[in-house]
Amino acid sequence: MFLTQVFKKGLLATLGLIMCTQACAASVQLVEKKRFEIENFKTFGGKTIKQVQVGWESYGTLNQAKDNVVLITHYFSATSHAAGKYHPDDATPGYWNAIIGPGKAIDTDKYFVLSVDTLANLNAYDPNVITTGPASINPDTGKHYGLTFPVVTIRDFVNVQKTLLESLGVTKLHAVVGGSMGSIQALDWATAYPEWVPRMISVIGSGQSDAWTTALLEKWAVPIQLDANWKSGDYYNSTPPSQGLTAALMFITQDALTPTFFNKTGEGIGYFALEDAPLNDIRQQHSIVKWLKERAQSRAKLMDANHLLYLVRASQLYMAGHSGDMKQALSSVKAKTLFLPSFNDLLLMPYLAKDAANSLEQHHKNTTYRELTGDLGHLNGVVGIEQAASDISAFLADK
């Protein structure tokens with residue numbers, strides 16, 4: 001569900017901004033952010049949010065039959081910027097640029113590829129993000145929502161996307177493809193609206209948030225709630241809880257990676273267990289901790305702490321089908337499905353995807369399960385996604 005921003009030497013990538021490898025950087029297309037509005041949106045929990053606004057991007061051309069749509073659902077700290085650049089001089093393209101574009105696995109010469117910013121998008125202060133969430137102004141009060149914003153779920157993200165697609169005259173997808181938190185949106189799409197979804201690809205995903213995952217996610221919320229500046233979410237006209245947000249992002253980054261990655265990074269920056277500074281002053285930190293904190297502080301500038309809490313809760317509340325029984329809910333799926341977990345994922349461990357795939361197989365569904373490799377753990381599904389390019393291309397082309 002959740003990625004971060006962290007790579008060195010051309011691999012900087014963890015939950016938000018991702019620096020691409022050479023393959024990702026080639027033949028970048030230019031894209032623009034568009035705005036979609038819903039006057040009154042009813043949440044899964046039965047609340048109404050007025051004047052919902054989300055941003056969206058598209059790549060390729062919608063055909064006359066409007067049946068070539070591939071929906072990309074994004075991960076926890078990402079946005080709808082899945083591929084391309086806004087300007088030729090942008091430092092990096094969208095996070096899955098390696099597989100989205102002309103002639104690539106998700107071929108924009110064939111497909112109309114579309115992605116939507118989620119409600120309560122983490123990057124609330126990014127000028128290229130349009131989202132309604134706790135940081136937005138409540139039209140009824142003229143004040144920031146804060147924690148009065150209704151709890152939102154993965155189903156709500158799906159329903160906003162569906163409303164946008166319907167406004168374009170689309171009544172059925174070619175496929176829905178998502179990574180991490182995007183993967184659970186993709187599977188919920190296939191479960192909630194089976195007639196819409198003939199193909200579903202879940203990358204580094206799961207079928208539900210089990211007890212272990214729910215508790216792990218809570219670890220991301222706690223630093224924010226303990227920050228004195230959080231003020232129970234009412235901080236918009238004062239100092240924001242930046243320290244808590246930074247700590248949360250540090251946890252997210254480490255959870256999304258592996259000991260192998262951190263140890264290699266430590267070697268590169270001269271990490272040593274008996275470093276002089278932390279040995280001589282309890283207030284000083286090891287080089288690897290400074291490295292992690294600096295990246296979190298940089299990313300926090302465009303993010304909102306309350307939005308992070310809402311995304312944590314949406315992820316904790318997730319169960320495919322949003323009912324009391326994931327296995328039974330998956331019986332409604334009509335899509336053929338492809339699960340691509342990462343073999344060394346410490347965040348959404350492979351057993352979560354395997355459980356969903358096994359449940360679909362038990363219902364005699366067309367399901368394929370293959371594990372991604374690499375040293376990056378959860379982030380093998382973002383930075384390392386190109387390893388699955390041929391599988392994705394063949395899956396999308398298969399009738």
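Helices (H or I, at least four residues) and strands (E, at least two) are DSSP runs, numbered from the N terminus. This is a predicted model, in which local features need pLDDT of at least 70 and side-chain atom pairs count only at pLDDT 80 or more, while totals for chains, interfaces and linings use all residues. Residues are numbered from 1 along each chain as its sequence is written, and side-chain values use heavy atoms, with hydrogens and water left out.

**Backbone**

H364 is not a glycine, yet its phi is positive, at about 65°. The residue sits in the loop between helix 11 (350-362) and strand 12 (367-369). With 76% relative accessibility, H364 is exposed; the classes are buried for under 20% relative accessible area, exposed for over 50%, and partly exposed in between (1.4 Å probe, protein chains only). Q51, also a residue other than glycine, has a positive phi near 55°. Q51 belongs to strand 2 (residues 48-59).

**Domains and their interface**

Domain 1 takes in 34-208 and 319-396, and domain 2 covers 215-310; these bounds come from an automatic or database domain assignment. Their C-alpha centres are 26 Å apart. Contact, meaning heavy atoms within 4.5 Å, involves 29 residues of domain 1 and 24 residues of domain 2.

The two domains bury about 2300 Å² between them, and 68% of this area is on carbon and sulfur atoms. Buried area is the accessible area (1.4 Å probe) that two parts lose on being put together, summed over both. L122, Y125 and L147 supply 26% of the area that domain 1 buries against domain 2, more than any other three residues.

Between the domains, 14 residue pairs are in polar contact (both at pLDDT 80 or more). A polar contact is a pair of N or O atoms within 3.5 Å; within protein, one must be able to donate a hydrogen and the other to accept it, and residues adjacent in sequence count only if both atoms are side-chain atoms. The side of domain 1 that touches domain 2 comprises 16 nonpolar, 11 polar and two charged residues. Here Ala, Val, Leu, Ile, Met, Phe, Trp, Tyr, Cys and Pro count as nonpolar, Asp, Glu, Lys and Arg as charged, and the others, Gly among them, as polar. One salt bridge is found across the interface.

**Salt bridges**

A salt bridge is a side-chain nitrogen of Lys or Arg within 4 Å of a carboxyl oxygen of Asp or Glu. The structure holds 11 of them, including those in the table.

| Pair | N to O distance |
|---|---|
| K264 and D375 | 2.6 Å |
| K50 and D140 | 3.0 Å |
| R283 and D281 | 3.0 Å |
| R370 and D391 | 2.5 Å |

K50 is partly exposed, at 34% relative accessible area, whereas D140 is exposed, at 56%.

R370, in the loop between strand 12 and helix 12 (389-397), pairs with D391 in helix 12, and the two are 21 residues apart. R370 is partly exposed at 40% relative accessibility, and D391 is partly exposed at 24%. R283, which pairs with D281, is exposed at 70%. Elsewhere, K33, E57 and D117 are linked in a network of salt bridges.
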